[in-house]
Amino acid sequence: MQTWNRRDVLASLGVLGSAGLLSGCGEPILGESVRSVGKGGESVPAAERSAPASAGAPVSAGVADPVSGLVGRWSYQPLDPDTVGQVAYELYPHGSCMYAVFGSVISQLAEKAGEPFRSFPLEMMRYGATGIGGWGSVCGALNGCAALIGLFHREQHDKLRDELISDLFLWYESSRLPRFVPGPVADEVGVGVAGSVLCHVSVSEWCKSTGHDAFGKERRERCRRLSADCAMRLVELLNAGAEGPADFLDLTDANHACIECHGKGGQGDSSARMSCVRCHQFDRTHP
Ligand code: HEC
Ligand code: HEC
């Protein structure tokens, strides 16, 4: 594992010096739609010409979107989970959870591949803080992960995209987090099981488990470490390549049952996959 200190991380992102990923001066993403004309006069996506030879297991490389016609070079290359986790941890104070997770992966890919990753307007990801602008809805660390999954699996009908998101969300709902420890003398922040992908529920469960409040420095440290955990888990999933990991986590039997009766093939009065019993509890009279 490559070891990073705060200065390395920030310098690699341009925070400390010259223009870089965080400086907001990147070229627009639509620049990626540029196509060039090949020798025989055929239109060649710029992406296909410049695909790096050492790209590992690129996913979605050079595939044009059939609707927009855009071709991106936003191809994933395997990353080191420990490094990505550490970078996420270091980025957190500069923009909170979603920014940290998204930035950790994008900055590592910028290191490896340069553009277009270097020009990504990472600042936009600050909106995800505290469940989107303070609303306590979807956890920003998960939102950042899902956005990255969407970046690398962007075809219209990509089953793997939803599978990867499900796996990550189920892991988050059911795991004792955070696990990431930033260093040998790190303070204890305690753990909680979120039971939900919602920021509000996740934070409140952790508060109940640990006795801390939702606004203190311990809570910030908890979310900082949680961001590292999510980024690491995401990279492990993405590293599994174009087929995805061998096994995906599955919904609980209870959730399967709820969805069977209430989902698409059933009464059709609920469209969701998140843990139902978090919000709906029944006595034995329920069907
Ligand atoms: C065997 C089929 C079946 C299963 C399994 C099932 N439900 Fe239901 N559920 C029903 C039926 C039937 C109704 C009544 C529908 C009505 O009155 O319109 C109902 C009603 C509800 C309602 C609205 C009424 C109320 O009591 O609040 C909710 C919410 C609900 N179910 C959630 C769930 C959840 C969550 C689960 C899983 C823990 C679940 N259901 C499992 C069939 C099922
Ligand atoms: C974050 C909380 C939350 C979660 C998680 C959740 N629900 Fe709901 N659900 C609600 C709320 C709020 C309503 C609307 C108010 C109500 O009728 O209870 C609702 C409504 C429903 C209804 C319609 C009830 C009616 O009276 O017609 C059904 C059926 C239902 N949910 C099933 C599910 C199933 C199945 C799941 C899991 C896949 C699920 N819900 C997960 C909060 C939640």
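Visitor: How are helices and strands assigned here?
Guide: Helices (H or I, at least four residues) and strands (E, at least two) are DSSP runs, numbered from the N terminus. This is a predicted model, in which local features need pLDDT of at least 70, side-chain atom pairs count only at pLDDT 80 or more, and totals for chains, interfaces and linings use all residues. Residues are numbered from 1 along each chain as its sequence is written, ligands are numbered from 1 in the order in which they are written, and side-chain values use heavy atoms, without hydrogens and water.

Visitor: Where is His 280?
Guide: His 280 lies in the segment after α9. Its NE2 is the only protein donor of the iron atom of ligand 2, at 2.0 Å; donors are N, O and S atoms within 2.8 Å of the metal (3.2 Å for Na, K and Ca), and water is not among the atoms, so sites may look incomplete.

Visitor: And which residues coordinate the iron atom of ligand 1?
Guide: His 262 and His 286 do, each through NE2, at 1.9 to 2.1 Å. His 262 belongs to helix α9 (residues 253–262) and His 286 to the segment after α9, 24 residues apart.

Visitor: Changing topic, what does Val 105 touch?
Guide: Beyond neighbours within four places in sequence, Val 105 is in contact (heavy atoms within 4.5 Å) with Tyr 76, Leu 79, Val 84, Leu 148, Phe 152, Leu 234 and Val 235.
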